[in-house]
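Colleague: I would like to learn how to read a model of this kind, one feature at a time. Where do we start?

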Amino acid sequence: MTEATAPHDGPLTGVRVVELAGIGPGPFAAMLLGDLGADVVRVDRPGGPGLGIDPARDVTNRNKRSVVVDLKTPEGATRVLGLAERADILIEGYRPGVAERLGVGPEDCRARNPRLVYGRMTGWGQTGPLADRAGHDIGYIAVTGALGMTGEPGRPPVAPANLLGDYAGGSLYLVVGVLAALHHARATGAGQVVDAAVVDGTAHLTAMIHGMLAAGAWQDRRGANLLDGGCPYYGTYGTADGGHMAVGALEPRFYAEFLRLLDLSGLEEAHADVTRWPELRAKVAERFASRTRDEWTAVFEGSDACVAPVLSLREAPHHPHLAARSTFTDHAGITQPAPAPRFSATPATVRTGPARPGADTEDVARDWGVPGLVSPPSKP
């Protein structure tokens, strides 16, 4: 039994996934499935992806195995179809129609394996006026209204890296979709196509905000609301050393504790009085600016004031709470987030470091019973 199929590797142990290599949300979704125990085989293209980093450090390719297939050659599609025939899930992130032209589209794959769940990951989706256009995270979240909620009023919106669109609106919805479709396939014997679009997922993430907007509890402008930095007790403040503290003292009892620890009096009624928010913001900012980030961290330690230091990526793994929970882990010399969420009976782990392109071809050919991966494939 190989490492990738060993027992107790997570709740998806035994599930086989083919990932047609791409960039962004597709690889992250496949990593998540691998973290949960699936046997993920990444089909890399010769030369690698256009925006690829050093394969030895690409954490999104952990818990995977890699084969290299040139889909632009006649035998390339046959090799991928051989994998698809033995897979539970296939993930691709090409523009609409590309997989079909390469001979590995949904109809080609499901003709060989009717139970296959075929996950399609794109920014714009498989249909619509922009389906064939190029794009990236920032454009997808721009048209959904999500980007317009970030940043300060009077200044341009702030790009939240590619976390909101690619990963939250894209990868996580693709994973939910293919797992739901896998459940259906196992119950009925019929696979299906899952169309996961970043625009759809990101729009879905704004459901609560749309409810608040409809109820008149949200203004459709930046920096004017409870959760977008418009509220002085939900936002960030600079400290004396150039650091920042994050404040989320929304409920009255947490707000009272917040004021007490800041040693601010006479501002209790400002919690519900929007006309006093500018005054409150100025006084809170002045207090935070009087001490360093570490000093304020010590002041709020152990309290329910809902205040936390804003840490950098390199600092985060050393935060006492995250360290106690092992939220980050070190593997293959790389500090990285540990798998999430956690399972009581089938814990997920980082089993292998980033897959090197083509390094696992012989093992996959043997384990999956696809000899054509390492020898000239027979015609289907």
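Modeller: Start with burial: a residue is buried under 20% relative accessible area, exposed over 50%, and partly exposed in between, computed with a 1.4 Å probe on protein chains only. Cysteine 231 has 1% relative accessibility, so it counts as buried. In the chain, 43% of the 380 residues are buried.

Modeller: The model is predicted, so local features need pLDDT of at least 70 and side-chain atom pairs pLDDT 80 or more, while totals for chains, interfaces and linings use all residues. Residues are numbered from 1 along each chain as its sequence is written, and side-chain values use heavy atoms, with hydrogens and water left out.

Colleague: What average pLDDT does the chain have?

Modeller: pLDDT is the predictor's confidence in each residue, from 0 to 100. The chain averages 94, and 95% of the residues score at least 70. Over residues 1–6 pLDDT stays under 50, and the model has 13 contacts for them beyond four places in sequence. A contact means heavy atoms within 4.5 Å.

Colleague: How many helices and strands has the chain?

Modeller: Helices (H or I, at least four residues) and strands (E, at least two) are DSSP runs, numbered from the N terminus. The chain has 13 helices and 11 strands. Its C-alpha trace spans about 80 × 45 × 40 Å along the principal axes. Among contacts between residues at least 6 apart in sequence, 67% join residues at least 24 apart.

Colleague: Where does cysteine 231 lie, and with which residues is cysteine 231 in contact, leaving aside neighbours within four places in sequence?

Modeller: Cysteine 231 is in the loop between helix H8 (207–214) and E7. Beyond those neighbours, its contacts are Asn225, Leu226, Trp277 and Arg281. Cysteine 231 and leucine 280 are 49 residues apart in sequence and 9.6 Å apart in space, C-alpha to C-alpha.

Colleague: How many residues of helix H2 are buried?

Modeller: The general idea comes before the case. An α-helix has 3.6 residues a turn, so residues three or four places apart point the same way. In helix H2 (residues 74–84), 9 of the 11 residues are buried, so the helix is largely enclosed by the rest of the structure. Its buried residues include Gly76, Val80 and Ala84. The cover over the buried residues of H2 includes strands E1 (16–20), E2 (39–44), E3 (64–68) and E4 (89–92), helix H4 (106–112) and H13.

Colleague: Which way do the residues of E4 point?

Modeller: In a regular strand the side chains alternate between the two faces of the sheet. In E4, Ile89 and Ile91 point one way, Leu90 and Glu92 the other, and all are buried. E1 is mostly covered, with 4 of its 5 residues buried.

Colleague: In what sense do E1 and E2 pair?

Modeller: Two strands pair if DSSP finds at least two bridges between them. E1 and E2 pair in the parallel sense over 5 bridges, and glutamate 19 stands opposite arginine 42 in E2. E1 and E4 also run parallel, joined by 3 bridges; there the bridge partner of valine 18 is leucine 90. E4 is joined in turn to strand E5 (residues 117–122) by 4 bridges, again parallel, with glutamate 92 opposite arginine 120.

Colleague: I would also like to read the backbone angles. What is the phi of cysteine 306?

Modeller: Most residues other than glycine have a negative phi, and most peptide bonds are trans. Cysteine 306 is not a glycine, yet has a positive phi of about 60°. Cysteine 306 sits in the loop between helix H11 (293–300) and strand E9 (307–309), and is partly exposed at 34% relative accessibility. Serine 326 also has a positive phi, near 55°. Serine 326 is in the loop between helix H12 (320–325) and strand E10 (328–331), and its relative accessible area of 44% makes it partly exposed. The peptide bond from alanine 340 to proline 341 is cis, with omega near -5°. Proline 341 is found in the loop between strand E11 (334–337) and helix H13 (361–368).
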